[in-house]
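Thanks for coming, everyone. Please bring up the structure on your screens. I will talk you through two topics.

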Amino acid sequence: MTERDPRVATLLNNVLPIGDEREDWQRIVGDATRHSEQLRRRSLRWSTRRLGLVLAVTAAVGVLSAIPALAVENGWWFLDNGQLTPATPVAIVTSGGAVDEAWHLVAFVSDPHGICVGVTSDGSKTQGALACGMPIRGAPGAASVAPAKLHWVGYGRTSFPTSRAVSTFVFGPTADGVARVEAELANGDILSAETIAAPLELKLSLRFYVIELPPTVEVRSLLARDVAGTILERFPIRNSVRTP
Amino acid sequence: MTEGAPLEEIERVYRCRLADFVRVAIAITGTVEGGREAVHDGFVAAIRSRHAYRGDGPLEAWLWQVVVNSARKSRRVERDHIWLSDVEQSDHVSNDSADDLAVVRMTIGRLPERQRLVLFLRYYADLDYSAIGELLGIRPGTVGATLNAAHAFLHSALQEVKHP
């Protein structure tokens, strides 16, 4: 039963009478379209940049447990060991950090391991991480995975030194419906990041996230939320490197 | 189960319930402009993420979630505003009535956030307990209890005004 108190109804009507609102549907649709285009343009702009990485170490993974560290100049370190054959260009999803110590969230589709996501550093040239084959809803190869084993959010983690401190990141792909990822930290704090649309050249209905962690604090779990804030998945992290 | 919400269905709900969405969003943000922007931003977000709608509940309920979420985010940014201070009153409101309304506004502004949200969603959006509970992630029984607490607080506060 849903009771309405007539006196309260009158009070509320008096303080905020119902108004004549002007519809503005075209502007809403326009803004929604424009926002998507901006994200795509930014992804394309970043994807034209070339990285000169020297050495890298792999951390988290789906089907791949590790990619050996390699010294590769003027190329992607993770492509030089022969384990991965890219089926798409390697796209820079987003970047951050200081100019001379920038980090990049990169993604591509590999054959046969599916979606690969990594964080690499311009600055330290010693470490990074790449995670491949995560069973994410809507990812390439997801159709062959039992629905119960598909995730809304994937998890990778890496740390590398910068001139000021050690930078630690959690990152990964998400299903298309995930708008925000929250990292619940062991100290009780929550860090969050809006997800980023897949760069156009990847032709994927996926999104990505990256969260920089404070020093020495581990992630206890990841929460994938949709645009309404509904939790789509709580993904527990049992140790610092874990496969979904 | 549906995957994604058709744009035309979102538009239909927008056109049918725009005044209610805006009214609730104004009440949550505390300002007319903030409310209108929250509805605009909410629908922009809904269109961008319409593939996230899984069809396990009514589309309108999902849109309410998106808009309320947008308004609550906006409210967090604009805490300094006085609740509904920029709402224009109709000309027929007398000075005494205007004073009473100011007291009512202040009283509602003092309610805990959950009570205010339940109140707005029940009276301005005309949602039932089940829909409100779904939207706020609480049980229908808790919605009823919260609404009762809000009623009691309002009655008590307004009684004090009339008989100080």
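Predicted model: local features only at pLDDT ≥ 70, side-chain atom pairs only at ≥ 80, totals over all residues.

First, the pocket. Its volume is about 940 Å³.

Which elements supply at least two residues of the lining? From chain A, they are helix H2 (25-47) and strand S8 (180-185). From chain B, they are helices H2 (32-48), H3 (59-77), H5 (113-123) and H6 (129-136). H3(B) gives the most, with nine residues.

And the make-up of that lining? It divides into 15 charged, 14 nonpolar and 11 polar residues.

Now the rings. A ring pair is described by the distance of the centres and the angle of the planes. The count over all chains is seven aromatic pairs. Take B:Phe21 and B:Phe43. Their ring centres are 5.2 Å apart and their planes stand at 85°, over the 60 degrees cut-off, so the pair is edge-to-face. B:Phe21 sits in helix H1 (residues 7-29) of chain B and B:Phe43 in helix H2 of chain B, so this pair ties together parts 22 residues apart in sequence. Both B:Phe21 and B:Phe43 are buried.

Compare B:Phe120 and B:Tyr124. Here the centres are 5.8 Å apart and the planes are at 15°, so the pair is stacked. B:Phe120 is buried, with a relative accessible area of 1%. B:Tyr124 is buried too, at 2%.

Last, a cluster. A:Trp25, B:Tyr14, B:Phe21, B:Phe43 and B:Trp64 form one aromatic cluster.

Key: Residues numbered from 1 in each chain as written. Chains lettered and ligands numbered in written order. Heavy atoms only, no water. 1 Å grid on protein atoms, 1.4 Å probe; cavity = no way out; pocket = protein on both sides within 12 Å on 5 of 7 lines; lining within 4 Å. Points joined across faces, edges and corners; volume = space filled by probe spheres on them. Helix = DSSP H or I, 4+ residues; strand = E, 2+ residues; numbered from the N terminus. Nonpolar A, V, L, I, M, F, W, Y, C, P; charged D, E, K, R; others polar. Phe/Tyr/Trp six-rings, centres within 6.5 Å; stacked < 30°, edge-to-face > 60°. Buried < 20%, exposed > 50% of the residue type's maximum accessible area, 1.4 Å probe, protein only.
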